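Trainee: I'd like a close look at one single part of this chain. Could you pick a residue and walk me through its surroundings?

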Amino acid sequence: MLRTDGYERIHPGGKFTIMKNFGRDIAKFYYGNYSLTNDKLSKPHTHSVQANLILQSMIVGVIYD
């Protein structure tokens, strides 16, 4: 069962961003190199310092190649 602890309800990018990418490596989207949509009007999003701090608080592990 998918467990998100409710963060998807308050995520500024919307619930879709969290639910559609749950369990996937989203680094290319997070760091602003790609957009989640295919339309030409959407620009890749660059996250704030505050967003980076929130992300750091949620890290549960790191996988090294």
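Mentor: Let's take L55. At 33% relative accessibility, L55 counts as partly exposed, because that label covers whatever falls between buried (under 20% relative accessible area) and exposed (over 50%), using a 1.4 Å probe and protein chains only. L55 sits in helix 4, which spans residues 49–58. Helices here are DSSP runs of H or I with at least four residues, strands are runs of E with at least two, and both are numbered from the N terminus.

Before going on, a word on what you're looking at. This is a predicted model, where local features need pLDDT of at least 70, side-chain atom pairs count only at pLDDT 80 or more, and totals for chains, interfaces and linings use all residues. Residues are numbered from 1 along each chain as its sequence is written, and side-chain values use heavy atoms, with hydrogens and water left out. As for pLDDT, that's the predictor's confidence in each residue, from 0 to 100. The chain averages 76, and 72% of the residues score at least 70. Among the elements, helix 4 has the highest mean pLDDT (86), while helix 3 (residues 27–30) has the lowest (76). Where pLDDT is low, the predicted coordinates should not be read in detail.

Now, who does L55 meet? Leaving out residues up to four places away in sequence, L55 touches Y30 and Y31; contact means heavy atoms within 4.5 Å. Y30 is 25 residues from L55 along the chain, and their C-alpha atoms are separated by 10.0 Å. Across the chain, residues 24 or more positions apart make up 11% of the contacts with a separation of 6 or more.

Stepping back, the chain has 4 helices and 0 strands, and of its 65 residues, 15% count as buried.
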